[in-house]
Amino acid sequence: MVIGESVPMLDSLARVTGAVGYMINLRLPNMLFGKIVRSQSPHAKLLNVDVTNAMQVPGVVAILTGEDLGANAFYGVAIKDQGIVAVDRVRYVGEPIAAIAAESLSAAEEAALLIDIEYKDLPSVFDAQEATQDGAPVLHEKFANNVFKHAKLRHGDMDAAFAEADEIFEDTFTSPVAQQASLEPHVSAAQWDGEHLTIWTASQAPFMVQKSLVEIFGIKPDAVRVIVPPLGGGYGGKGHIRIEPLVAALARKTNGRPVKFVLSRAEEFVTVTKHAASITLKTGVKRDGTFTARQVTIYWNGGAYADASPLLVPAGMVRSVGPYRIPAVHVDSYGVYTNLPPAGAYRGAMSSQTTWAYESQMDIIARKMGWDPLEFRMKNLFVSGEHFATGEELHDVHFMECLEASAKALKSTLPKKEGKHGRGYGVMMKSTVATSKSQARLKLMDDGSVTLYTSTVEMGQGGHTTMAQIIAETLGAPLSAIKVIGPDTAITPFDSTTSASRSTSMMGNAVIAACGSMKEKLLELGAPLLEAPPDELRTENGFVVANEISISFGNVLKRNNLETLEEAGEYSTSLGIDPETGQGIATPHWHQGAGAAEVAVDTETGRVTILRYSAASFAGRVVNPHMAQLQNDGNVIFGLGPTLMEEIIFDGGQATNPNLADYAIPSIRDIPAELISVCIESDKGEMHGIGEMTLPPVAPAVANAIEDAVGVRIKDLPITAEKVLRALKEKSGR
Amino acid sequence: MILKVNGSRYEVQEGTRTLLEVLRDDLNLVGAKEGCGIGMCGACTVLVDGKPVSGCLTLAAQVAGKEIFTVEGLVEDGKLHPIQQAFIDERAFQCAYCTPGFILSAFALLEENPNPSEDEIREYLSGNLCRCGSYQNIMKAVVEAGARLNKR
């Protein structure tokens, strides 16, 4: 029994000695240093980009501009709208216009100052709803109203359902642009050998990077090798494709010398962001406390390029309805271009924004109707066997247990201090990737060592340790004999991506399949040696075991004249919803989480202090309790950032606070005095990811607790002291 | 000029480079890392004469001749320092990009104050950021490390 044990991360020693081989440590022979020259205009025609003076700087080897790009100058996960560097036009402040490779970073930086760029400014638009209005500046001519994606969910007769309602609530909730802010920035290095490209990159999606580079450069998949060392945090910001095309395109001009880019903190803020969102919920309820209908309208600010948004906007649609029984639901989820940096996945992707909306409105409804917010939720939460607005049946549903578990921790007497303390709750329901595939390859050597080749990215979540634990239990091998290698697309088999909390389930099942095949082989090979039929044998701690005798895996191989034994496993799902109606199966598993907050509000300053927080996620079966607790805790703490403090503030499209002084993220002083983590397990024992489940409930749980404490409702994140104070003043008429 | 790092003396080129650049690029001591470049995140924390400083804000020339200590100096005779062991035992990291900085801040704290209260620990470590949010376990690790060091 290794699953369920809190073994330390496999490379713990490296993690406490500073020896983890992050991308920033990578040094290659003859390596050049890269620097990006970025747009200072939010929207402009590029009249001229003159690199003459920059090329004269000693040490400059190559400069890439839009002129160098051929037919495949544009890339994107779903819409190829983003130039590798800008071609003829820029659409946000910070957009790459040129990239320099030099012998030293200082030479590259000096050259960057000498590139002359002539802009002809165009009108800009920064707000998503404004961008959809007639007469707004158009960013991409193909999309006349700047809407690049409109995802629709149509379920039930809305007019009839709203007519049945006793009360109809309509509220709009907003979230601003925020940043993933992994401490390790985006780092990539590329080197060409003829028509073969090797790219080392801090990415959550090595095979997406490979596919994209294959398309851009028109080369075969096996000509692109993507190597990903452990990440210093990802949180969605390193998902999909980011700077890799630029790095590879510049490296193509350096005669085979490698070029490495390390983005600065300021560059991080214009490379990928969390979608700003405006979400309007119109919800019909009956006096008996049940729902009749919900209409959801969402504007996602995608920034200047679609990036991953065409995939995320439909995901955000199904994630906007909430975990409650509602007979009629319509959702319109719009992905909109604006002159801001492109948005991408942000831990708890899209659910962070949608849960903010639907869980805030739950309390607004409950308070107006005179119901207890907790009881109102419990009355309406889904249970197994019910059907979601997509029409799909829900399985292994544990919303109530999650909410009960997190609420229980706050059940003790509420400290009352002149009514300034309050409690609030939040529940969330999140899909994972509907169609995806994971493959795993397992190699046993004749010394009994087991190597897993996997493209799951280790980014701090403990993905590699999790897989090793699954092998130890499923194959019956000692944990100490197991090594995990990858991702390296030349060596490790396919995996869609390390995101959406999918690895434990998807890669976990691929690993289980590989272990199953290997175990079967070992029993077959061991049977004649142990003089017993395979079905009377088992494996344990690296041995094939019969009733009275056992033989080590290594000796099973040696006695069969085998040096190695390799087996592969695969797990995939192929699901999805109809693009016009949103009907179908949105996900192989619905992620479930809840949170309960107890806050104190200082009515003199508006300052909110989180006194206690309790978070619960549904894990199915916990692989490693300590790592699960770290994920739950980490989600709450990460979530407190956008809840209380995080917002990129733009002025004319220019980020004004792109640094960790003016854009604060939670420190050890910002965490609740008491933080409790609970993982809910199920009889079915299926392993599910828990990388995000306790994050989205944080913001609404805190806002709901604030209203409970002082009777004001904040609908726009982040909940700063200023906003609370203003609301308190408005309430008291001061 | 001479830099004294982890008890060894290194001849390094004079110039305007930061301590962090010299440690990483010249001395191959890569435990300290840049996170923000402005002394806010603590990922580049090293000790100078026992005090934690941001390697990204300190010019190497400013600390010539002083005692510089990095995470690489903590392992003695192949044995982890009790703070490092406590970080493993309490699972006080996830991506671990910030971990060397936290360990060195904790080291300086426990040298200064062998019996810190939780408030004192929070105050002392507030200049080190962990985006993965492992703070609860970091707190446990520092308390545990303090207890172990006091027993030595």
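Pro718(A) sits in the loop between helix H17 (698-710) and helix H18 (721-732) of chain A, where helices (H or I, at least four residues) and strands (E, at least two) are DSSP runs numbered from the N terminus. A cis peptide bond, with omega about -5°, links Leu717(A) to Pro718(A). This is a predicted model, in which local features need pLDDT of at least 70 and side-chain atom pairs count only at pLDDT 80 or more, while totals for chains, interfaces and linings use all residues. Residues are numbered from 1 along each chain as its sequence is written, and chains are lettered from A and ligands numbered from 1 in the order in which they are written.

Another cis peptide bond joins Gly486(A) and Pro487(A), with omega about -5°.

Strand E22 (residues 450-453) of chain A runs parallel to E23(A), and 4 bridges join them. The way from E22(A) to E23(A) goes through helix H13 (residues 463-476) of chain A, in a right-handed β-α-β crossover (with the strands pointing away from the viewer, the path from the first strand over the helix to the second runs clockwise). Buried stands for 20 or more other C-beta atoms within 10 Å of a residue's own, exposed for 12 or fewer, and partly exposed for in between, with C-beta atoms placed from the backbone. Opposite Lys483(A) of E23(A) stands Thr451(A).

Elsewhere in chain A, Thr581(A) lies in the loop between strand E28 (576-577) and strand E29 (584-585). Thr581(A) counts as partly exposed because it has 13 C-beta neighbours inside 10 Å. Leaving out residues up to four places away in sequence, Thr581(A) touches Lys152(A) and Arg154(A); contact requires C-beta atoms, placed from the backbone, within 7 Å. From Thr581(A) to Thr390(A) it is 191 residues in sequence and 8.3 Å in space, C-alpha to C-alpha.

Most residues other than glycine have a negative phi. Asp88(A), not a glycine, has a positive phi of about 70°, and so does Arg91(B), at about 55°. Asp88(A) is exposed, because it has 12 C-beta neighbours inside 10 Å, whereas Arg91(B) is buried, with 25. Arg91(B) is in the loop between H2 and H3 of chain B.

Finally, the two chains meet in a contact that takes 39 residues from chain B and 37 residues from chain A. On the chain B side, H5(B) gives the largest share, 4 residues.

Key: Two strands pair if DSSP finds at least two bridges between them.
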